[in-house]
Structure formats: structure tokens, C-alpha cells
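Trainee: I would like to learn how to read cavities, pockets and contacts in a model. Please start with the terms.

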Amino acid sequence: MSGFGAMVLNGFREARRNRVTVAVAAFAAVVLFSSSLVTEVTVATVDRVLTDFGLGMMSLILVFLAIFLACGLLSREIDRRTIFLVVSKPMSRAQFLLARLCGNMLTLAVLLVAMTVVFFAQLALYRTPITTTQLWAVVALWFELLVLTSAGFFFSTFASQMVSAIATVGLYFAGHLSGDIYLFAQRSESALLRGMGKAIYYVLPNLERMNFRPLAAYGADVPLGTALSGIGYGVAYSALLCVLAIAIFNRRDFR
């Protein structure tokens with residue numbers, strides 16, 4: 001196995017051993033199953049409530065875990081002094097960073113698949129149809145997590161764990177509101193505000209392009225072009241963040 005592959009698996013095992021990961025996975029299973037309680041208060045919208053609640057809880061739990069893992073990884077490596085062993089080996093810092101990123105995404109993918117199985121089992125239990133839009137919502141969620149994980153790595157290359165976590169959480173909310181910010185700014189009579197709104201819209205990640213959960217809840221279809229465009233956008237934005245993170249990480253002095 002190559003050094004890069006070994007580093008990816010090592011990152012996956014380390015995340016799997018993390019107690020927070022196990023606790024979050026167990027909590028997710030309990031929450032998803034407990035959504036049946038919500039259906040007790042509904043009569044005609046059981047399908048919508050199950051889909052909305054299930055996908056929403058999967059998103060919130062995995063976003064929290066992605067930010068926790070991404071923002072704490074480099075800090076732990078530096079605190080334990082293990083970063084000195086890694087950078088002294090014949091592996092570039094870029095390979096180290098990308099391997100850790102892939103390890104985190106592998107962990108999130110395994111958890112996402114496990115949660116999806118629980119979610120679909122619950123839908124089958126209530127005889128709620130499983131749609132392609134629900135599948136697209138799950139797939140696009142992984143790419144949204146990819147953007148947030150890349151952002152967490154980017155911030156943690158030059159900031160502390162706490163600052164990185166706060167910045168990534170802020171980016172998550174701003175990313176879902178960037179479209180609204182743009183629309184509000186365009187209604188302003190000030191050319192400066194309109195320009196600032198447009199600049200913010202293009203700089204911030206537009207996470208709504210990967211959010212098909214509302215469409216899944218209402219049973220609407222997602223055009224193939226829209227889904228692929230959102231996924232491509234997520235990959236491109238993540239690649240940009242990785243390039244910036246590698247550029248900063250290569251220049252960082254750990255002494």
C-alpha cells in the first residue's frame with residue numbers, strides 16, 4: 001500500500017476510535033428511529049414529516065461531526081508533536097493534508113451510508129416510497145460535507161481549533177444564506193451595497209446548490225443537470241479551499 005493510502009486509512013481508524021464519532025453515530029440512530037414519534041402528531045403529511053425530519057437530522061449531525069473532525073485534526077497533530085514525525089518523512093505536506101482530508105471524508109461516508117440505511121428502513125416501515133430525490137439529497141449532502149471539511153482544514157492551517165470551528169460554523173450558515181444576501185443587496189439603491197452583495201455571493205460557498213432536502217420533503221423531482229451542477233460546484237469549491245490550505249500549510253513553521 002502506498003504511503004498516501006496508509007495515511008488515509010490511518011485517519012479513518014483514528015476518527016473511528018474517536019469517542020465523539022461513536023457517540024454521534026449512536027445518537028443519530030436513536031434520533032432517526034425516534035422520528036416515528038413525530039409522525040404520531042401528523043395525519044396527512046406522514047411522508048413529508050418522515051423525509052424532512054430524517055434528512056434534516058442527518059444533515060445537522062454530520063455537519064457537526066465534519067466541523068469537529070476537520071478543525072481538531074491538525075491541532076491534535078501539533079499538540080501531540082506527531083506532526084514533526086510526519087513532515088520529516090518523505091511525504092510532502094500536501095500529501096499529508098489531502099490524506100487526512102480523505103480519511104475524514106471516508107469516515108463521514110461510512111456514517112452517511114449507515115444513517116441512510118436506517119432512514120430508508122424507517123421509510124419502508126411506514127410504507128413511504130423511496131424516491132430518487134431522496135437519494136440525490138443524500139449524495140449531495142456528502143459533497144456539502146466535503147466543502148465544510150475543506151473549509152475546516154483551510155482555517156486550521158493558520159488558526160486555533162476554536163477559531164477554526166467558529167469560522168467554519170459561520171461559513172455554513174452564511175453559505176446557506178448567500179443567495180438571500182445577494183437578493184437583498186440587489187434591492188438596495190446604493191451601488192456600493194449592490195456591489196458588496198454580489199462580491200459576498202461569489203466569495204461565499206453557495207451551499208443551497210447542494211441542498212435538495214426541501215425538494216425531497218415535498219416529493220419534487222431534481223433535474224439531472226441541476227444535481228450534477230451542484231455536485232460539480234461543491235467539488236470545485238473544495239478544490240480551491242484545498243489549494244489555499246496547502247499553500248499556507250507548506251509555509252507554516254512548526255517550531
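Mentor: Helices (H or I, at least four residues) and strands (E, at least two) are DSSP runs, numbered from the N terminus. This is a predicted model, in which local features need pLDDT of at least 70 and side-chain atom pairs count only at pLDDT 80 or more, while totals for chains, interfaces and linings use all residues. Residues are numbered from 1 along each chain as its sequence is written, and side-chain values use heavy atoms, with hydrogens and water left out.

Trainee: How many helices and strands does the protein chain have?

Mentor: The protein chain has 10 helices and zero strands. From the N terminus on, the order of elements is α-α-α-α-α-α-α-α-α-α.

Trainee: What is a cavity, and what is a pocket?

Mentor: Both are found on a 1 Å grid over the protein atoms alone. A cavity is a set of points where a 1.4 Å probe fits but cannot get out; a pocket is an open set with protein on both sides within 12 Å along at least five of seven lines. Lining residues have an atom within 4 Å of a point. Grid points are joined across faces, edges and corners, and a volume is the space filled by probe spheres set on the points.

Trainee: How many cavities of 30 Å³ or more does a search of the whole structure find?

Mentor: The search finds two. The largest cavity has a volume of about 60 Å³. Its lining consists of Leu97, Leu98, Leu101, Ser150, Phe153, Phe154, Leu241, Cys242, Ala245 and Ile246. The elements giving two or more residues to this lining are H5, helix H6 (132–156) and helix H10 (224–251). H10 gives the most, with four residues.

Trainee: Which helices each supply at least two residues of the lining of the largest pocket?

Mentor: They are helix H3 (46–79) and H7. The largest pocket has a volume of about 230 Å³. Its lining residues include Leu60, Phe64, Phe68, Gln161, Tyr172 and Phe173. H3 provides the largest share of this lining, six residues.

Trainee: How should I read burial?

Mentor: Buried means under 20% relative accessible area, exposed over 50%, and partly exposed in between (1.4 Å probe, protein chains only). Of the 255 residues in the protein chain, 47% are buried.

Trainee: Is phenylalanine 155 buried or exposed?

Mentor: Phenylalanine 155, in helix H6, has a relative accessibility of 16% and so counts as buried. For its surroundings, take contact to mean heavy atoms within 4.5 Å. Leaving aside neighbours within four places in sequence, phenylalanine 155 is in contact with Ser164, Ala167, Thr168 and Leu171. Its C-alpha atom is separated by 9.4 Å from that of leucine 241, 86 residues apart along the chain.

Trainee: Which residues does threonine 116 touch, not counting residues up to four places away in sequence?

Mentor: Threonine 116 touches Met58 and Val138. Threonine 116 lies in helix H5 (residues 93–125) and is buried, with a relative accessible area of 10%. Across the protein chain, 81% of the contacts with a separation of 6 or more are between residues 24 or more positions apart.

Trainee: How many salt bridges are there?

Mentor: Side chains of opposite charge can pair when their charged atoms come close. A salt bridge is a side-chain nitrogen of Lys or Arg within 4 Å of a carboxyl oxygen of Asp or Glu. By this rule there is one. The side chains of arginine 213 and glutamate 144 form a salt bridge (3.6 Å, N to O). Arginine 213 lies in helix H9 (residues 213–217) and glutamate 144 in helix H6, so the pair ties together parts that are 69 residues apart in sequence. Arginine 213 is buried, with a relative accessible area of 10%; glutamate 144 is also buried, at 0%.
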